[in-house]
Amino acid sequence: MKLPQDGKVNNITNILFPTSRAYMHLKFAEAQTECYVCLELNETYSEHGCLGPLGQLQSAVSGLNRGLAGSEDDLRKADAAAKELEDAGGLVDLSNDLDKLQGRWKLIYSSAFSSRTLGGSRPGPPIGRLLPITLGQVFQRIDILSKDFDNIVDLQLGTPWPIPPIEVTATLAHKFELIGSSKVKITFEKTTVKATGNLSQLPPLEIPRIPDNFRPPSNTGSGEFEVTYVDSDTRITRGDRAELRVFVIA
């Protein structure tokens with residue numbers, strides 16, 4: 001970014017819109033305005049909004065209800081914005097930096113949710129059609145030491161009136177391994193369903209993995225995805241069925 005001659009650099013600070021990256025605070029006397037420049041991605045934030053690949057991606061996926069409300073045009077815009085950020089971030093190499101995956105990540109967008117099923121790009125129960133299922137928050141919990149990789153989904157199950165809806169949290173437990181520099185393979189182990197809300201006192205229900213001999217050929221119990229962008233706050237993955245996912249640290 002080229003500064004005007006009267007541009008004054010105040011200081012480097014950590015601010016929280018939209019992330020906790022380091023930003024340079026700039027004031028311009030002539031324009032009587034100020035902005036924040038991201039030192040990592042050359043992005044600018046001001047009262048006029050954000051400019052740059054990260055801000056463009058956040059803008060593209062906001063209001064899409066994680067992709068459930070996205071049209072074909074919305075999906076194209078989100079994919080284009082993700083590619084801009086991937087290009088800006090460069091190639092991902094997790095072979096010596098696996099700790100970047102560590103933590104609890106919140107899903108803010110999935111291109112596969114436009115299918116309106118819980119399976120995304122895979123077969124799954126429909127949302128709001130045959131079954132009265134409301135999708136809540138979706139998280140990924142990754143532990144690089146134990147190699148645990150859990151997909152955590154909050155669901156609300158519709159019930160006949162006057163019974164209130166049943167709220168549950170489903171945890172799909174996996175183990176993961178890094179293949180090459182940026183590809184992650186996950187292997188399914190079990191599903192645990194725990195009631196929340198008014199029924200939180202009930203014990204969790206554990207559903208074990210189907211034995212391989214009884215598993216359909218199309219359901220191998222494993223999957224792969226590529227980490228195409230990652231920093232301390234944001235992660236982009238592209239799955240083995242061309243599914244684009246965007247996560248933020250929770």
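The protein chain exposes about 14,100 Å², of which carbon and sulfur atoms supply 55%; accessible areas were computed by the Shrake-Rupley method with a 1.4 Å probe, and for residues only the protein chains shown count as cover. The model is predicted: local features require pLDDT of at least 70 and side-chain atom pairs count only at pLDDT 80 or more, whereas totals for chains, interfaces and linings use all residues. Residues are numbered from 1 along each chain as its sequence is written, and side-chain values use heavy atoms, with hydrogens and water left out.

The protein chain contains 14 strands and 2 helices, taken as DSSP runs (E, at least two residues, for strands; H or I, at least four, for helices) and numbered from the N terminus. Of its 250 residues, 37% are buried (under 20% relative accessible area, 1.4 Å probe, protein chains only). Among contacts (heavy atoms within 4.5 Å) between residues at least 6 apart in sequence, 47% join residues at least 24 apart.

A search of the whole structure finds 2 aromatic pairs, defined by ring centres of Phe, Tyr or Trp (its six-membered ring) within 6.5 Å. Phe 149 and Phe 225 form a tilted pair, with 5.8 Å between centres and 45° between planes; planes under 30 degrees apart count as stacked, over 60 as edge-to-face and the rest as tilted. Phe 149 belongs to strand 8 (residues 148–157) and Phe 225 to strand 12 (residues 222–230), so the pair ties together parts 76 residues apart in sequence. Both residues, Phe 149 and Phe 225, are buried. Ring pairs link Phe 149, Phe 225 and Phe 176 into a cluster.

Key
Buried means under 20% relative accessible area, exposed over 50%, partly exposed in between (1.4 Å probe, protein chains only).
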